[in-house]
Amino acid sequence: MPKYYEDKEEDGRACGGVREDLRQCLLESPCVLQENKSPKQCLREGHCRSLQMTFFACKRSMVSVCGVFSAIDRDAF
């Protein structure tokens with residue numbers, strides 16, 4: 001269960017709570033604890049996939065849609 005809503009220190013970065021949950025999930029996964037692999041390698045193997053997708057969706061939502069369209073409009077003329 002995600003813990004980003006519980007009392008935690010704010011790191012001030014975008015999507016910090018989800019980032020922390022993903023980090024904890026990876027560090028507590030059997031891949032890291034039992035197989036002694038790096039968290040990065042476990043992430044590539046598909047561990048904590050739902051939190052990874054949530055984190056990427058959060059980061060993607062930070063992009064301003066208006067800024068993207070104005071850049072396209074400037075290039076069209």
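Which hand does the link of C25 and C48 have about the S-S bond? I looked it up first, and with -95° about that bond the link is left-handed.

**Entry: ground rules**

I am working on a predicted model, where local features need pLDDT of at least 70, side-chain atom pairs count only at pLDDT 80 or more, and totals for chains, interfaces and linings use all residues. Residues are numbered from 1 along each chain as its sequence is written, and side-chain values use heavy atoms, with hydrogens and water left out.

**Entry: disulfides**

I counted a disulfide wherever a pair of cysteine sulfur atoms lies within 2.5 Å. By this rule I get 3 disulfides. For the positions I used helices as DSSP runs (H or I, at least four residues), numbered from the N terminus. For accessibility I took buried as under 20% relative accessible area, exposed as over 50%, and partly exposed as in between, with a 1.4 Å probe and protein chains only.

I returned to C25 and C48, whose sulfur atoms are 2.0 Å apart in a disulfide. C25 is in helix α1 and C48 in the loop between α3 (39-44) and α4, so this pair ties together parts that are 23 residues apart in sequence. I noted C25 as partly exposed at 25% relative accessibility, while C48 is buried at 13%.

Next I took C15 and C58, which are joined by a disulfide with an S to S distance of 1.8 Å. Distant parts of the chain are linked here: C15 is in the segment before α1 (16-27) and C58 in helix α4 (residues 49-61), 43 residues apart. The torsion about the S-S bond of C15 and C58 is about -95°, so I logged this disulfide as left-handed. C15 counts as buried at 10% relative accessibility, and C58 as partly exposed at 22%.

The remaining entry is C31 and C42, a disulfide with its sulfur atoms 2.0 Å apart. C31 sits in helix α2 (residues 30-33) and C42 in helix α3, 11 residues apart, and the pair again links distant parts of the chain. I read -90° about the S-S bond of C31 and C42, a left-handed link. Both ends are buried: C31 has a relative accessible area of 1%, and C42 has 0%.

Which pattern do the disulfides of the chain follow? With bonded cysteines counted along the chain, I wrote down 1-6, 2-5, 3-4.

**Entry: salt bridges**

I then searched for salt bridges, meaning a side-chain nitrogen of Lys or Arg within 4 Å of a carboxyl oxygen of Asp or Glu. The structure holds 3 of them.

R23 pairs with E20, and their closest N and O atoms are 3.1 Å apart. R23 and E20 are 3 residues apart in helix α1, so about one helical turn separates them. R23 is partly exposed with a relative accessible area of 43%, and E20 is partly exposed at 27%.

E35 forms a salt bridge with K37, the closest N and O atoms being 3.2 Å apart. I have E35 as partly exposed at 46% and K37 as partly exposed at 24%.

Where does K37 meet E45? Their side chains meet in a salt bridge, at 2.9 Å from N to O. E45 is partly exposed, with a relative accessible area of 42%. I recorded E35, K37 and E45 as one network, joined by salt bridges that share partners.

How values were computed:
Helix = DSSP H or I, 4+ residues; strand = E, 2+ residues; numbered from the N terminus.
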